[in-house]
Amino acid sequence: MNQNLTFFLWDCLQYLINGIAQGSLYALVALGYTMVYGIIRLVNFAHGEFLMIGAMCGFYALKFSLPMGAAILVAMLSSGIIAVVVERIVYRPIRASGRIPALITAIGTSLFFQYFGQLTFGADPKTIPPFIAEKIFNLGEVNVSNVQIAIFGITFFVLIFLWWLTHFTKVGKAMRATSFNLAAAELMGIDTNKIISFTFFLGAAIAGLGGMLMGYTMSIEPMMGMNLGTKAFVAAVVGGIGIIPGAALGGFIIGIAENLVAGLYKSSFRDGVSFFILIIILLVKPSGILGKNIKEKV
Amino acid sequence: MNEKILELKNINIHYGDGAIHAVKNISLEIYKGEIITLLGSNGAGKTTTLHTISGLLKPTSGEILFNNEPIHHLPAHKITAQGLAQSPEGRQVFANMTILENLEMGAYLRADLNEIKADYEFVFSLFPKLKERENQLAQTLSGGEQQMLAIARAYMAKPTLLLLDEPSLGIAPILVSSIFKAIKEINRRGMTILLVEQNAYLALKISTRAYVLTNGEITLKGPAHELMNNSDIKKAYLGQ
Ligand SMILES: Nc1ncnc2c1ncn2[C@@H]1O[C@H](COP(=O)(O)OP(=O)(O)OP(=O)(O)O)[C@@H](O)[C@H]1O
Ligand SMILES: [Mg+2]
């Protein structure tokens with residue numbers, strides 16, 4: 001076989017592996033995005049900032065020499081709590097005012113936390129060490145690290161957990177009922193405000209987990225939520241916004257595409273790839289890959 | 001008569017920040033064990049009234065007493081928790097969930113597992129179609145079957161007062177009679193029922209009393225058999 005072609009294929013495989021790891025992280029962020037949209041049809045632009053706050057809190061937890069596991073827990077809890085507080089005092093009062101006011105409020109909230117973050121934590125990037133000591137395995141011409149495998153495993157576990165939650169627990173079924181028809185859910189006796197709070201908490205806590213796992217590729221800083229939030233939003237739309245497995249699928253697609261394009265073509269195109277995919281999807285299937293065109297309710 | 005279960009006192013309801021006065025100073029009362037029909041043409045304010053009783057809308061003035069306690073300030077889920085359930089207009093089943101899951105949502109607030117089981121059996125005996133398809137998504141049901149599911153789901157809350165908003169709307173004539181039979185059977189088992197219906201003849205036939213809503217006002221009320229012979233009712237609702 002042509003030697004160049006062989007190298008090319010090995011390279012592709014390497015980018016694919018890196019892309020799956022990167023995509024797992026995007027998936028973790030996109031899940032919360034899609035869950036919040038699913039339940040109250042809000043595009044929560046502040047979702048990336050919830051992640052940032054969590055990662056910052058996790059960073060300080062490590063600094064106060066808490067073990068990694070505890071720091072991850074701190075990050076998840078702080079992301080979750082900040083999300084619940086924001087939902088309660090910012091989003092809930094304007095929930096009935098329509099989508100445009102909600103969108104503008106979400107953008108304002110996002111900006112607020114970006115500058116709040118710079119004031120509180122400083123604008124300098126901070127480093128979170130990988131959550132396990134990195135070991136690299138050589139498989140033929142490609143490298144796979146145990147961190148990559150663990151990240152993929154954790155994301156997979158989170159997906160299974162969400163599937164179990166929404167299909168086998170009372171609160172999870174109430175989430176599905178509320179997201180489908182909030183008024184009907186209220187008539188069943190479901191406290192939909194509680195379910196919405198819970199959804200914000202869960203989605204943000206998963207993002208906080210993602211924030212801590214990201215330590216292996218990037219440093220954290222107060223503006224990180226913007227870029228990540230955008231990619232997570234695109235991932236959610238590509239997979240079909242509001243659909244949990246769709247968000248994961250979208251995350252993987254974007255992670256893989258970014259790594260292929262950056263590796264095979266130009267790394268400066270990395271951040272543009274997600275938008276290119278978004279445009280294609282919006283042209284071909286606006287409801288997203290797993291999206292169904294649900295008939296308008298009568 | 002029996003104990004009063006629900007009372008509306010001088011209820012006014014507005015839409016659009018007061019621009020539309022949909023329900024005007026209505027009062028009504030329901031006693032335990034009754035089937036009450038609320039009649040009225042399109043846009044009369046029937047659904048608005050039921051939404052307000054269930055807490056999805058708030059009255060601009062007036063009082064709603066359930067078992068002699070005011071409920072009009074409570075959120076909808078708390079009213080359901082007190083034993084007042086509704087099968088809403090247009091069915092509103094959870095199309096993304098299975099039939100069994102829909103029924104589970106109906107029983108959301110209950111913990112009496114054994115009785116829940118018995119109630120599944122009861123609603124399945126009322127509507128055997130639902131049993132056959134218990135693990136299919138509600139969106140695969142026909143309109144009439146969805147209506148059955150909506151009634152069964154509301155029943156699963158085991159309320160003392162059950163509101164039914166147009167349970168026979170858009171349903172094939174053969175199914176309509178089975179739905180009215182089910183309503184009668186539910187009532188026979190001790191549930192009080194407030195029924196909104198277009199099908200005035202069948203509704204009046206199973207009711208104790210009825211109220212007529214015209215442009216948001218109660219214009220007529222009385223025992224069902226009297227209203228059935230009322231010449232205005234005959235003209236407007238019975239097509240005679
Ligand atoms: N969300 C709303 N905003 C503004 N006006 C409304 C709203 N819902 C209902 N209305 C108006 O309030 C009045 C009563 O409506 P309602 O739905 O209660 O009537 P209804 O008796 O249930 O009619 P139908 O038999 O068609 O179901 C109507 O004039 C209707 O246009
Ligand atoms: Mg109506």
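I began with the shell around ligand 1: H1(B) gives the largest share, 3 residues. Helices here are DSSP runs (H or I) of at least four residues, strands (E) of at least two, numbered from the N terminus. This is a predicted model, where local features need pLDDT of at least 70 and side-chain atom pairs pLDDT 80 or more, while totals for chains, interfaces and linings use all residues. Residues are numbered from 1 along each chain as written, chains are lettered from A and ligands numbered from 1 in the order written, and side-chain values use heavy atoms, without hydrogens and water.

**Entry 1: the shell**

I looked up which residues come nearest to ligand 1. Of the 14 around it, they are B:Gly43, B:Lys46, B:Thr47, B:Thr48 and B:Glu89. I took "around" as having a heavy atom within 4 Å. Strand S2 (20–31) and helix H1 (46–54) of chain B each supply at least two shell residues. I then sorted the shell by class and got 4 nonpolar, 7 polar and 3 charged residues. Gly counts as polar in this scheme, and Asp, Glu, Lys and Arg as charged.

**Entry 2: polar contacts**

I checked side chains against oxygen atoms of ligand 1, taking pairs of N or O atoms within 3.5 Å. B:Thr48 has a polar side-chain atom at 2.4 Å. For B:Thr47 I read 2.7 Å. For B:Glu166 I read 3.2 Å. Alone, ligand 1 exposes 640 Å², and the protein buries 62% of that. The areas are Shrake-Rupley values with a 1.4 Å probe.

**Entry 3: the magnesium ion**

Which residues coordinate ligand 2? I found B:Thr47 (OG1) and B:Glu89 (OE), at 1.9 to 2.3 Å. B:Thr47 sits in helix H1 and B:Glu89 in the loop between strand S6 (84–87) and helix H3 (99–106) of chain B, so the pair ties together parts 42 residues apart in sequence. Donors are N, O and S atoms within 2.8 Å of the metal (3.2 Å for Na, K and Ca); water is left out, so a site may look incomplete.

Are the two residues buried or exposed? B:Thr47 is buried, at 16% relative accessible area. B:Glu89 is partly exposed, at 30%. My cut-offs were under 20% for buried and over 50% for exposed, with partly exposed in between (1.4 Å probe, protein chains only).

**Entry 4: the sheet**

I traced an open antiparallel sheet of 4 strands in chain B, ordered S2-S1-S4-S5. S2 and strand S5 (69–70) are at the edges with a single partner strand each, so one side of each has no neighbour in the sheet. Strand S1 (residues 4–15) and S2(B) pair antiparallel over 8 bridges; pairing needs at least two DSSP bridges. B:Lys4 stands opposite B:Tyr31 in S2(B).

Key. A polar contact is a pair of N or O atoms within 3.5 Å; within protein, one must be able to donate a hydrogen and the other to accept it, and residues adjacent in sequence count only if both atoms are side-chain atoms.
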